[in-house]
Amino acid sequence: MAEQSTQEQADHTSTVAKHYNELQESGLEKRKESRIFHLRNFNNWMKSVLIGETIQTVCRQSQERVDLSVLDICCGKGGDLLKWKKGQISKIVCADIAETSVEQCHSRYQEMVDRARNDRGPNRIFSAEFIAADCTKKRLKDMYKDSNMSFDIASCQFSFHYCFESYPQAKLMLQNACECLKLGGYFIGTTPDSYEIVRRFRDSPDHRAGNDVYSVTFCGEDVDNIPLFGAKYDFHLEGVVDCPEFLVYFPVLEKMAEEFGMKLVYRKPFDEYFAEKSEMGEHRALLGRMSALECYPPPEGTALVGNCPEDYKDTEIGLNKLKDEDARPEDLKRHRPARVGTLSQAEWDASTIYLAFAFQKVKDINTGKLWTEPNSKERSRKRHSDQHTDTAECSDKQQKTS
Ligand SMILES: C[S@@+](CC[C@H](N)C(=O)[O-])C[C@H]1O[C@@H](n2cnc3c(N)ncnc32)[C@H](O)[C@@H]1O
């Protein structure tokens with residue numbers, strides 16, 4: 001692959017920063033009218049589950065009282081702040097290249113602090129710091145207020161792919177995400193699945209895939225000979241994203257992450273992740289609360305967001321299967337439900353180009369120390385003693401969750 005000039009590279013990062021800086025934040029009413037209202041909620045649900053489960057995992061494996069610290073790399077306008085609040089973290093550092101987004105993230109945080117102050121109940125809010133920087137070109141550790149800062153979780157949502165523009169950028173981004181993680185800590189994220197995107201490119205004569213909500217267009221010349229870095233494609237998502245992005249070849253990411261002491265825990269395409277998590281009661285309930293799925297058939301007086309019957313063909317097939325003669329006996333016990341939650345096919349196709357991943361820090365590369373899972377006996381002893389010391393906090397916690 002031909003080397004990219006520094007000028008060309010600078011142009012890509014500034015194009016991305018400019019795009020996100022200029023992106024207007026629309027109010028809830030406007031968002032409700034959007035063709036991708038449910039898709040955005042669905043993607044948000046994916047993040048909520050990923051973030052919530054990671055927090056639970058860190059709490060479970062911790063032997064100390066947990067004061068969780070988080071790095072939100074490419075935080076955007078702070079769309080995940082509430083998720084972190086729900087997880088009762090203690091500290092967050094938010095970083096993003098787009099200055100305007102960082103300012104909006106800061107204001108959003110300030111509003112949360114003000115609201116918490118006005119709340120009557122004890123409603124602890126985490127402390128926060130904000131950094132406007134290109135996380136692929138600047139070392140974040142040099143910018144933290146406390147240079148010894150360490151994190152339990154680093155999170156990079158819908159953004160990691162920007163760093164695969166070049167090897168040095170990918171390396172620095174990974175260093176930023178991983179070098180200050182505590183041993184046993186996690187680096188989690190959501191990013192486009194290069195296998196899925198390339199499959200879609202190869203299935204199309206003009207190396208372009210998409211529908212009325214999204215499109216991906218390959219910018220290279222040879223779809224059968226894709227470079228490991230700088231494999232650019234243009235991504236468009238209805239009113240939200242219109243930027244150059246880069247394919248992340250996961251085996252390379254895995255190898256590079258090893259150099260920072262990280263081990264892949266899982267890498268799951270969104271369809272697989274959804275199938276697994278939506279079966280779990282608490283996550284299922286959240287799907288409803290977040291309006292992550294559309295009601296099908298639509299309630300009276302409302303219209304479906306999809307533009308054509310094809311958008312709901314699979315939903316119809318699924319519904320009809322339940323009353324089919326060939327249906328399994330256990331399915332026949334149920335009859336065709338009056339209404340189900342679904343996504344239009346176009347939104348589903350847009351969402352399923354993504355995957356969720358989690359890496360764990362299993363080695364401190366400076367000291368060589370390895371992570372060992374605390375054994376269950378130690379954990380239960382710790383939990384037992386916490387139950388005694390936490391009695392005073394119990395009523396406080398119950399208020400927050402009710
Ligand atoms: C799709 S948005 C996701 C924002 C947020 N993580 C979320 O899930 O809502 C992508 C974000 O990545 C940020 N970004 C892109 N390239 C970056 C870079 N090199 N350094 C830091 N942030 C970057 C953009 O400014 C934008 O806020």
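A residue is called buried when its relative accessible area is under 20%, exposed when over 50%, and partly exposed in between, with a 1.4 Å probe and protein chains only. H207 is partly exposed on this scale, because its relative accessible area is 23%. The structure is a predicted model, in which local features need pLDDT of at least 70 and side-chain atom pairs count only at pLDDT 80 or more, while totals for chains, interfaces and linings use all residues. Residues are numbered from 1 along each chain as its sequence is written, and side-chain values use heavy atoms, with hydrogens and water left out.

**The chain as a whole**

- The chain holds 15 helices and 13 strands, where helices (H or I, at least four residues) and strands (E, at least two) are DSSP runs numbered from the N terminus.
- Of its 402 residues, 47% count as buried.
- Among the chain's contacts with a separation of 6 or more, 75% are between residues 24 or more positions apart, a contact being heavy atoms within 4.5 Å.
- The domain assignment gives domain 1 (32–192 + 245–278 + 354–372) and domain 2 (294–342), with bounds that come from an automatic or database domain assignment.
- The C-alpha centres of domain 1 and domain 2 are 36 Å apart.

**Helices α3 and α10**

- Helix α3 (residues 37–61) packs with helix α10 (residues 281–289) at an angle of about 145 degrees, and their axes lie 10 Å apart; axes are lines fitted to C-alpha atoms, for helices over the stretch in contact, and angles run from 0 to 180 degrees between N-to-C directions.
- On the α3 side the contact is made by W45, S48, V49, E53 and Q56, and on the α10 side by E282, H283, L286 and L287.
- By class, this contact has four nonpolar, three polar and two charged residues, where Ala, Val, Leu, Ile, Met, Phe, Trp, Tyr, Cys and Pro count as nonpolar, Asp, Glu, Lys and Arg as charged, and the others, Gly among them, as polar.
- G288 also has its place in helix α10, and this residue is exposed, with a relative accessible area of 53%.
- Between G288 and V305 there are 17 Å in space, C-alpha to C-alpha, and the two are 17 residues apart in sequence.

- Nine of the twelve residues of α6 are buried, so the helix is largely enclosed by the rest of the structure; among them are L172, M173, L174 and C178.
- H161 lies in the loop between β4 (151–157) and α6, and counts as buried because its relative accessibility is 1%.
- Leaving aside residues up to four places away in sequence, H161 touches T191, P192, E245, F246 and V248.

**Backbone features in loops**

- H207, in the loop between α7 (194–202) and β6 (208–210), has a phi near 55 degrees, a positive value in a residue other than glycine.
- S291, in the loop between α10 and β11, likewise has a positive phi, near 50 degrees, and counts as partly exposed at 30% relative accessibility.
- Y296 and P297 are joined by a cis peptide bond with omega of about -10 degrees, and P297 has its place in the loop between β11 (294–296) and α11 (313–321).
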